[in-house]
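Thanks for coming. I have one structure to go through today, and I will keep it short. Please have the view open.

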Amino acid sequence: MGKVNMDDDYIAKARHSMAHVLAKAVCTLFDDVKLAIGPPIDNGFYYDFDLPHTIREEDFAAIEAKMTEIINGNEDYVLRKLDNPEDELKDEPYKLELIKEFREGGEEITAYDLGEGFSDLCAGPHVENTRELRNWGFKVASIAGAYWRGNSDNAMLQRVYVYAFPTKPELKKHLQFLEEAKKRDHRVVGPHLDLFFLDETAPGMPYWLPKGWKMYNALIDFSRKVHEKRGYQEIVGPQLNSRSLWETSGHWEHYRDDMYTIDFGDDQHFALKPMNCPNAMIVFGHTNRSYRELPLRYSELSLLHRNEASGALHGLLRVRTFRQDDSHNFVAENQIFDEINDILDIADYLYSAFGLVAKAYLSTRPEEGYLGTIEQWNQAEADLKKVLDTRFTGNYEINEGDGAFYGPKIDLKVRDALNREWQLGTVQLDFQLAGKFNLHYTDSDGKQKVPVVIHRALFGSLERFIGILIEQFAGKFPFWLSPVQIGVVPVHTDHEEYAQKITQMLRDAGHRVSIDTSDGTMGNKIKSFRHEMMPYIVIVGEKEVEGGTISLRTRSGVQINEIAPEKFVEICKKMENEHLLELIEEIS
Ligand SMILES: [Zn+2]
Ligand SMILES: [Zn+2]
């Protein structure tokens with residue numbers, strides 16, 4: 001075998017070839033197996049089976065061993081044209097269904113034999129011999145129920161997922177990544193830290209617990225502060241809006257299935273808002289506007305509702321109620337460059353507080369069906385490119401023709417501590433919406449003009465962003481964001497009064513402080529605060545009371561003895577006000 005070029009196509013081909021190995025292994029180990037399909041996916045492949053035996057984790061080792069045996073048997077993949085497939089596969093109901101479709105499509109019907117005694121209807125391509133899979137690292141990952149063809153009217157099949165990588169070290173690396181991701185999973189860490197939970201009585205609608213809500217508010221405060229400085233003005237529009245508003249915005253026609261609609265009888269139809277846009281349009285149109293007011297930036301943090309499919313829900317990452325750090329900026333066409341530049345400036349600043357760096361993706365005018373003039377698009381796209389060229393030299397991509405019909409957009413994506421990419425921000429130009437709402441401003445020449453609307457959110461859904469942050473920091477948040485920032489431990493009941501005084505002093509300075517006055521041992525108190533991943537634990541005993549000092553234990557375990565409490569307050573204030581990413585661990 002010559003050296004193989006491990007490009008994506010080859011990897012997909014090899015993964016799919018390994019799916020045949022899995023199918024042969026399952027058919028060898030269990031009775032009455034009916035085969036469905038086995039495509040390659042990210043990190044491996046799966047195969048859907050129908051069999052009387054319920055495959056369990058206990059079976060995984062035997063399946064892996066049988067697969068290894070098949071691979072080591074140097075078995076050939078041999079293409080065979082089927083002359084009478086309906087007959088040969090009469091006991092394979094899923095394959096018969098596929099054959100019918102292939103015939104309708106006029107396709108040739110082929111099977112691949114794998115070594116002796118196993119054949120599978122397939123068009124290929126495959127590797128030539130299992131020898132090519134010998135160096136691969138693979139592991140049966142999980143078993144899940146899956147409907148044939150994803151349709152709940154069909155039979156429920158058993159889907160076996162397998163991780164598969166060209167080398168064993170690559171598999172090992174992937175398993176380590178999964179281990180780390182599991183430790184950081186916000187659905188585990190969040191409830192463990194008492195931040196939030198989900199209840200079956202309101203799927204996809206998180207309950208925020210006191211600690212999580214503090215964190216949520218710290219995030220909002222940060223965002224508000226930054227935006228106010230940049231001339232943003234916050235508004236709050238109604239939650240429930242009449243059908244006529246949604247008809248004007250186009251949501252009633254295009255987005256109704258994702259909205260919670262309410263019918264009050266007498267033809268009174270309302271819907272909970274899934275986005276803030278139409279309310280911002282109403283506010284702009286509420287009064288006469290002059291060019292002097294532009295750019296006019298209306299931010300809104302209202303609760304949004306979207307009726308996401310229950311299967312799509314995922315912890316905080318995909319929810320049905322959420323808030324966005326949303327804003328609608330009304331600009332004149334010649335202000336687009338400056339405004340986009342300013343928005344990206346804010347994004348940089350906000351993301352850097354979390355140690356995140358964005359990559360930008362520009363989506364440009366679709367070939368057909370776009371609204372607005374070609375000149376408008378060309379100018380806007382030139383502006384956006386100019387901004388990106390200066391800010392993201394070599395670190396942005398253009399998705400030609402991928403813009404919405406109403407305007408080009410920039411998406412901002414970041415990579416987290418595990419190198420996973422997340423889309424956070426989106427900056428969307430809109431040449432259409434202001435017109436739909438008949439919005440105008442009086443320009444300097446006295447003429448009425450239609451503003452361009454920029455929809456923009458930088459964190460996106462705050463719920464989702466917090467989910468990402470929990471995983472990014474594995475619960476060890478920056479000081480300013482920590483749900484509880486400081487835990488206070490009196491060594492003995494004699495020191496409680498002093499500990500209370502210190503606690504009050506820190507609270508007066510605006511910090512979130514917890515004091516443990518239980519009669520547990522000092523060691524246990526410290527342990528339980530450490531469990532909550534608090535940035536600092538303040539310890540006060542005999543020496544501290546006498547000297548009017550405090551001692552500290554930082555989250556990473558650094559011990560700082562007998563410093564002036566005022567000094568500590570000063571340090572905390574600095575981390576809070578400057579939204580510092582790292583904890584200050586040197587205090588003298
Ligand atoms: Zn195949
Ligand atoms: Zn919008």
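At what angle do the axes of helix H1 and helix H2 cross, and within what distance do they come? This is a predicted model, so what follows is computed from predicted coordinates. Two packed helices are described by the angle between their axes and the distance between the axes. Here H1 covers residues 8-29 and H2 covers residues 57-72; their axes cross at roughly 120 degrees and come within 9 Å. The crossing is right-handed.

On the H1 side, the contact is made by Val21, Leu22, Lys24, Ala25, Val26, Thr28 and Leu29. H2 contributes Ala62, Ile63, Lys66, Met67, Ile70 and Ile71.

Next, helix H11, residues 336-352. H11 has 17 residues, and from first C-alpha to last it reaches 24 Å, close to the 24 Å expected at 1.5 Å a residue. Its buried residues are Ile336, Glu339, Ile340, Ile343, Leu344, Ile346, Ala347 and Leu350.

Last, the chain as a whole. There are 18 helices and 29 strands. The C-alpha trace spans about 85 × 75 × 55 Å along its principal axes. Of the 588 residues, 36% count as buried. Among contacts with a separation of 6 or more, 69% are between residues 24 or more positions apart.

Definitions and conventions. Residues are numbered from 1 along each chain as its sequence is written. Chains are lettered from A and ligands numbered from 1 in the order in which they are written. This is a predicted model: local features need pLDDT of at least 70, side-chain atom pairs count only at pLDDT 80 or more; totals for chains, interfaces and linings use all residues. Axes are lines fitted to C-alpha atoms, for helices over the stretch in contact, and angles run from 0 to 180 degrees between N-to-C directions. Helices (H or I, at least four residues) and strands (E, at least two) are DSSP runs, numbered from the N terminus. A crossing is left-handed if the near helix is turned anticlockwise from the far one by less than a right angle, and right-handed if clockwise. Two residues are in contact if their C-beta atoms, placed from the backbone, lie within 7 Å. The expected span of a helix is 1.5 Å times one less than its number of residues. A residue is buried if 20 or more other C-beta atoms lie within 10 Å of its own, exposed if 12 or fewer, and partly exposed in between; C-beta atoms are placed from the backbone.
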